[in-house]
Each structure stands twice: as structure tokens, then as C-alpha cells.
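Subject: Structure handover

Hi,

Here is the structure you asked about. My notes follow below it.

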Amino acid sequence: MIKVLVLGCNHDQVPYLKELKDKFYVIGTDLNAEAPGKVLCDRFYNVGYDDLQGLINIGNKEHFDENDKIFTASAQFAQLGCAHFAAEFNIPYPSVESIEICLDKVRFYDFFEINNLPIPVTNYVKNESDMIGCLNRMGIDKSYYLKSDYSKNPNYVYNFVGKNVAKEKIFWGKDRFLREHYIIQEEFVGEHVRINIIQDDFIIFPMMVDGHL
């Protein structure tokens with residue numbers, strides 16, 4: 001039977017585990033030794049999704065190869081674990097570099113520029129003084145987005161008109177979501193779409209924003 005390594009067995013992953021269990025031999029991993037999805041796994045390992053060597057050790061022990069699968073619906077950082085594991089065992093999956101580009105906003109916008117894809121006016125700021133100076137140059141009456149440099153989640157994303165920035169309680173520390181600096185961009189009003197990529201094909205459809213297409 002084809003094996004699938006599932007990174008993360010929390011409550012949100014339980015519905016996926018139920019589906020996977022009908023088709024695969026499920027090997028689950030989670031940093032929480034008592035993760036609720038543990039009971040749905042054929043075998044479970046107490047290993048976190050960012051323990052790359054630990055995941056590879058599981059793969060070797062369970063004799064994974066290119067015919068097996070890997071899956072996660074956990075945190076975005078778990079995608080890196082999946083990509084590293086897939087590369088080690090020749091399992092088709094987005095590359096580590098592709099995942100890194102998606103998570104690292106600096107690389108993301110550099111990738112757009114290299115490929116001649118338009119992006120909003122973009123600057124990088126490391127502290128409040130940098131930000132104020134940047135806003136004074138760009139215009140205090142414009143609307144901006146201030147975004148942390150790493151991950152694709154809503155942590156440390158601020159939207160404001162430049163002259164009102166003092167009202168924002170901006171985090172200036174460092175953690176897994178804010179590694180070096182913020183990206184500041186003029187707000188760009190355009191059409192909201194979602195792109196789903198499925199193997200060599202893709203689907204584009206409009207997104208609802210505030211109840212409207």
C-alpha cells in the first residue's frame with residue numbers, strides 16, 4: 001500500500017487524515033505527542049515539521065521512495081519540511097526554492113522584478129525612523145501596506161494612510177515572521193483573484209472582498 005507522511009496531526013488536520021486513511025498507509029508526525037489526529041494514523045512519530053533530519057530519519061525507517069506521498073495542511077512553514085522530505089526521497093512536490101520564494105517576501109518581489117512582472121512601489125525599512133523617512137519621501141497622504149519579510153500569514157501586516165501611521169502599534173522585534181525588515185508598499189487597488197495550480201494546469205477565479213466580487 002502506498003504510504004503518505006502527514007506533517008501535523010492537530011484538530012484542523014483531522015478531516016484530511018480521515019480522507020487519507022481510506023487510500024493510504026498513514027504515517028503521522030507532530031510535535032505534540034498527544035495530537036488528536038494520532039489515533040487516525042497507522043503509525044505516529046513525535047517529530048515536529050521543522051525537524052528536517054528527524055523527518056528524513058522517519059523516511060528511511062519506513063522505506064519511503066518516489067511512489068509514496070507527503071501531505072500537510074499545517075502551518076506554512078511545514079511546507080518547507082515537505083519540500084525537503086520530498087527532495088530526499090524523489091517524491092514529486094514543489095521545490096525547496098519555490099517554497100522559500102513564496103515565504104520570503106524579499107525573494108518573492110525580486111522574483112517578480114527579474115521576470116518583468118509589475119509590483120507596487122516597494123521599499124524596505126528596519127525601524128520606525130526608517131519608516132517615517134520613507135513615508136515622507138513617498139507621500140504622507142497615500143495609503144500603504146507594511147508587511148513583515150517572512151511567511152504568508154497575517155502576522156505583522158498593517159494598512160494605513162501615511163499621516164496616520166503614529167496610531168499603529170507596530171511590532172519592531174525579531175521572530176520567525178519578522179527576520180530582518182518590513183516591506184512597505186503603496187496600496188494597489190486591483191482585481192482580487194485566486195490561482196490554483198494543479199500539476200501543469202491552473203485555475204483562476206475571482207475572490208470575494210467585503211461581500212463583493
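In the lining of the largest pocket, β9 holds the largest share, with six residues. Strands here are DSSP runs of E with at least two residues, helices are runs of H or I with at least four, and both are numbered from the N terminus. A pocket is found on a 1 Å grid over the protein atoms alone: it is an open set of points where a 1.4 Å probe fits, with protein on both sides within 12 Å along at least five of seven lines. Lining residues have an atom within 4 Å of a point.

This is a predicted model; local features need pLDDT of at least 70, side-chain atom pairs count only at pLDDT 80 or more, and totals for chains, interfaces and linings use all residues. Residues are numbered from 1 along each chain as its sequence is written, and side-chain values use heavy atoms, with hydrogens and water left out.

Back to the pocket. Its volume is about 2,300 Å³, taken as the space filled by probe spheres set on the grid points, which are joined across faces, edges and corners. The lining of the largest pocket has 43 residues. Nearest the centre lie Phe-108, Phe-112, Lys-152, Val-193 and Ile-195. At least two lining residues each come from α4 (96-103), α5 (105-114), β6 (143-148), β8 (182-186) and β9 (193-198). By type, the lining has 27 nonpolar, nine polar and seven charged residues. Nonpolar covers Ala, Val, Leu, Ile, Met, Phe, Trp, Tyr, Cys and Pro; charged covers Asp, Glu, Lys and Arg; the others, Gly among them, are polar.

β9 also matters for the surface notes. Val-193, Ile-195, Ile-197, Phe-202 and Ile-204 make a nonpolar patch of about 520 Å². β9 gives the most to this patch, three residues. β10 (201-206) supplies at least two. Patch residues have over 30% relative accessible area and no salt bridge; nonpolar side chains (Val, Leu, Ile, Met, Phe, Trp, Tyr) are joined within 5 Å, like charges within 9 Å. Areas come from the Shrake-Rupley method with a 1.4 Å probe, and only the protein chains shown count as cover for residues. Val-193 is partly exposed, at 42% relative accessible area. Buried means under 20%, exposed over 50%, partly exposed in between.

Next, salt bridges. The count is six, each a side-chain nitrogen of Lys or Arg within 4 Å of a carboxyl oxygen of Asp or Glu.

- Lys-21 pairs with Asp-42, closest N and O atoms 3.4 Å apart. Lys-21 is in helix α1 (residues 14-21) and Asp-42 in the loop between β2 (25-29) and β3 (43-45), so the pair ties together parts 21 residues apart in sequence.
- Arg-43 pairs with Glu-62 at 2.8 Å between the closest N and O atoms. Arg-43 is in β3 and Glu-62 in the loop between α2 (52-61) and β4 (69-71), so parts 19 residues apart in sequence are tied together. Glu-62 is buried at 8%, while Arg-43 is partly exposed at 36%.
- Arg-107 pairs with Glu-97, closest N and O atoms 3.6 Å apart. This pair links helix α5 to helix α4, ten residues apart.

Last, the backbone. Most residues other than glycine have a negative phi. Asn-116 has a positive phi of about 60 degrees. Tyr-156 also has a positive phi of about 60 degrees. Asn-116 is exposed at 69%, whereas Tyr-156 is buried at 18%.

Best wishes

How values were computed: Buried < 20%, exposed > 50% of the residue type's maximum accessible area, 1.4 Å probe, protein only.
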